[in-house]
Amino acid sequence: TNDSRFARFLPRTDSMWVGTAPGDALEFDFEGAEVSLYALWGPSGARLEVTVDGERRQPRDLFDRYCSYWRLMLTPIYRGPWGRHHVRIEIGADQPDRDPVRRYRKLSDERMRSGEFDGHTAAIGWLLLDGRLR
């Protein structure tokens, strides 16, 4: 990535796939039973739409009530039977609900309106597999 917001995390990930718009997607095939992402969670964190073998899974938000700053988090996306699987991770059109961070961190309305918490940012450093890429 060339995104300066994430440069400080590169020593822990070597590189990152970064998407910032609904529809940006990462696809891969693997043989195994489990996939997690080592991804950044933060103020403009995206809602990820996950599809495995053509079946839509529960969306995963890269955002929670602590997201007044960026941090790397393990994000499980699939656990199922061992086999060959096709995974598509796409940035969704909807953003996660940002209100929990405002309430928990007691953030001002001014900061919440600053634009910092708007967006669809997905920055993925590692795929962690119980298996192997195909």
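**Strand pairing, salt bridges and overall form of the chain**

The bridge partner of Glu31 in strand β6 is Arg84. The model that shows this pairing is predicted, so local features are described only at pLDDT of at least 70 and side-chain atom pairs only at pLDDT 80 or more, whereas totals for chains, interfaces and linings use all residues. Residues are numbered from 1 along each chain as its sequence is written, and side-chain values use heavy atoms, with hydrogens and water left out.

Confidence is given as pLDDT, the predictor's confidence in each residue on a scale from 0 to 100. The chain has a mean pLDDT of 94, and 99% of its residues reach 70 or more. Helix α1 (residues 10-13) has the lowest confidence, with a mean of 91. The highest is found in strand β3 (residues 47-52), at 98.

Three helices and seven strands make up the secondary structure of the chain. These elements are DSSP runs numbered from the N terminus (helices: H or I, at least four residues; strands: E, at least two). Their order along the sequence is α-β-β-β-β-β-β-α-α-β. The radius of gyration of the chain is 15 Å, close to the 14 Å that the globule rule gives for 134 residues, so the chain is as compact as a globular protein of that length. This radius is taken over C-alpha atoms, and the rule is 2.2 Å times the number of residues to the power 0.38. Along its principal axes, the C-alpha trace spans about 50 × 30 × 25 Å.

Of the 134 residues in the chain, 42% are buried. Here buried means under 20% relative accessible area and exposed means over 50%, with partly exposed in between (1.4 Å probe, protein chains only). The chain exposes about 7300 Å², of which carbon and sulfur atoms supply 46%; the areas come from the Shrake-Rupley method with a 1.4 Å probe, and for residues only the protein chains shown count as cover. Among contacts with a separation of 6 or more, 80% involve residues 24 or more positions apart, a contact being heavy atoms within 4.5 Å.

Strand β2 (residues 25-41) is mostly covered, with 13 of its 17 residues buried. Two strands pair if DSSP finds at least two bridges between them. Strand β2 runs antiparallel to strand β6 (residues 71-91), and 16 bridges join the two. Besides the pairing of Glu31 with Arg84, Asp29 has His86 as its bridge partner in β6. Strand β2 also runs antiparallel to strand β7 (residues 122-133), to which nine bridges join it. In this pairing, Ala39 stands opposite Ile124 of β7.

Side chains of opposite charge can pair when their charged atoms come close. The whole structure contains twelve salt bridges, each a side-chain nitrogen of Lys or Arg within 4 Å of a carboxyl oxygen of Asp or Glu. One of them links the side chains of Glu31 and Arg132, at 3.3 Å from N to O. Glu31 lies in strand β2 and Arg132 in strand β7, so this pair ties together parts that are 101 residues apart in sequence. Glu31 is buried, with a relative accessible area of 19%, whereas Arg132 is partly exposed at 49%.

Another salt bridge joins Arg88 and Glu90, whose closest N and O atoms are 3.1 Å apart. Arg88 counts as partly exposed at 25% relative accessibility, and Glu90 is partly exposed at 26%. A further salt bridge is formed by Glu116 and Arg111, with a distance of 2.9 Å between the closest N and O atoms. Glu116 is partly exposed at 31%, and Arg111 is partly exposed at 29%. Elsewhere, salt bridges that share partners join Glu27, Arg88 and Glu90 into one network.

Helix α1 contains Pro11. This proline counts as exposed, at 70% relative accessibility. Pro11 and Asp64 are 53 residues apart along the chain, and their C-alpha atoms are separated by 24 Å.
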